[in-house]
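The sequence and the structure come first.

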Amino acid sequence: TNPWTMGLLTLGTALLAAFAVRESRFAAPAFDVRVFTLPVVAAASLVLFAAYVAFMGVLFLVTIELQDIAGVGPIAYGLVLAPMSVAYWLFSRVGARAAHAGRARQAIGWGLAAVFASFAVPAMAPATVVWTLPALILMGIGNGLLVPVAAALVLNALPDRVLGTSSALSVVARFFGGAVGVAIIASAVASADTLETGLTWGYRAGAGTVAVLSAAAVRSRAHEMLAIG
């Protein structure tokens with residue numbers, strides 16, 4: 001509710017809207033906003049957005065849990081992150097193979113379920129490091145399934161004339177999701193009376209955000225996410 005915060009958010013929204021209107025008037029825009037009228041592009045972009053809400057959001061919460069509550073040092077913290085990286089690597093291969101076999105929708109469905117669980121599982125219990133590793137692994141599994149498949153869907157859905165837009169779009173969706181996700185989750189953490197309660201609220205906020213984005217992807221006719229080939 002800080003006036004400066006609300007003012008900057010309003011200004012940013014207005015500038016983004018003005019950019020979209022201006023770009024829509026050019027035959028060869030720098031960023032063709034009309035690509036969002038394609039159901040597959042809209043749904044896949046929401047999926048990428050949700051994937052990085054989980055990626056950045058879970059890392060934000062886990063960092064607080066391990067360093068501020070458990071007092072874990074930087075080397076041990078890095079080791080805790082290793083299983084997440086392995087899970088991401090393994091399941092990115094699983095997701096790519098599923099997509100090429102015509103099961104892109106299944107890969108995305110399981111991926112969204114995993115990133116939702118990466119928030120929901122720790123949110124069901126008081127803030128404790130017991131849930132840290134499972135949350136990281138679930139997030140790695142979910143992102144491994146989601147990111148390669150959704151990014152490929154965006155690339156395949158758009159014509160070659162907007163190849164620059166299509167390649168940039170997946171990057172913008174991911175990191176915009178990370179920025180918004182951390183902002184929402186950090187606000188939830190900061191609004192609590194204690195750090196432990198704030199972490200629980202943060203996980204709940206992340207789960208709610210992913211659930212809303214998943215529902216929006218479905219309403220964007222995500223069933224049209226066909227096989228990649």
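The model is predicted.

**Packing of H2 and H3**

Helix H2 spans residues 39-69 and helix H3 spans residues 74-100. The two helices pack at an angle of about 145°, and their axes are 11 Å apart. Their crossing is right-handed. On the H2 side, the residues in contact are Leu59, Val62, Thr63, Leu66 and Gln67. Their partners in H3 are Tyr77, Val80, Leu81 and Met84. Sorted by class, this contact holds seven nonpolar and two polar residues, with no charged residue.

**The largest pocket**

The largest pocket holds about 370 Å³ of space. Its lining consists of 14 residues. Nearest the centre of the pocket lie Leu16, Phe31, Phe36, Val172 and Phe176. Helix H1 (3-23), H2 and helix H6 (163-190) each supply at least two lining residues. What is the class make-up of the lining of the largest pocket? There are 13 nonpolar residues and one polar residue, and none is charged.

**Single residues**

| Residue | Relative accessibility | Class |
|---|---|---|
| Ser170 | 7% | buried |
| Ser92 | 15% | buried |
| Phe55 | 22% | partly exposed |
| Val129 | 34% | partly exposed |
| Leu90 | 39% | partly exposed |

Ser170 is found in helix H6. Because its relative accessibility is 7% and the limit for a buried residue is under 20%, Ser170 counts as buried. Leaving out residues up to four places away in sequence, Ser170 touches Leu48 and Ala151.

Ser92 belongs to helix H3. With a relative accessible area of 15%, Ser92 is buried as well. Apart from neighbours within four places in sequence, Ser92 is in contact with Gly144 and Pro148.

Phe55 sits in helix H2. Is Phe55 buried or partly exposed? At 22% relative accessibility, Phe55 counts as partly exposed, since buried means under 20%. When residues up to four places away in sequence are not counted, Phe55 touches Met139 and Asn143.

Val129 lies in the loop between helix H4 (104-123) and helix H5 (132-157). Its relative accessibility of 34% makes Val129 partly exposed. Which residues does Val129 touch, not counting those up to four places away in sequence? They are Glu65, Leu66 and Ala70. Leu66 is also one of the H2 residues that meet H3. Val62, another residue of that H2 group, is 67 residues from Val129 in sequence and 8.1 Å from Val129 in space, C-alpha to C-alpha.

Leu90 is placed in helix H3. At 39% relative accessibility, Leu90 counts as partly exposed. How far apart in space are Leu90 and Pro74, C-alpha to C-alpha? The distance is 25 Å, with a separation of 16 residues in sequence.

How values were computed:
Residues numbered from 1 in each chain as written. Predicted model: local features only at pLDDT ≥ 70, side-chain atom pairs only at ≥ 80, totals over all residues. Heavy atoms only, no water. Axes fitted to C-alpha atoms, helices over the stretch in contact; angles between N-to-C directions. Helix = DSSP H or I, 4+ residues; strand = E, 2+ residues; numbered from the N terminus. Left-handed = near helix turned anticlockwise from the far one by under 90°. Contact = heavy atoms within 4.5 Å. Nonpolar A, V, L, I, M, F, W, Y, C, P; charged D, E, K, R; others polar. Buried < 20%, exposed > 50% of the residue type's maximum accessible area, 1.4 Å probe, protein only. 1 Å grid on protein atoms, 1.4 Å probe; cavity = no way out; pocket = protein on both sides within 12 Å on 5 of 7 lines; lining within 4 Å. Points joined across faces, edges and corners; volume = space filled by probe spheres on them.
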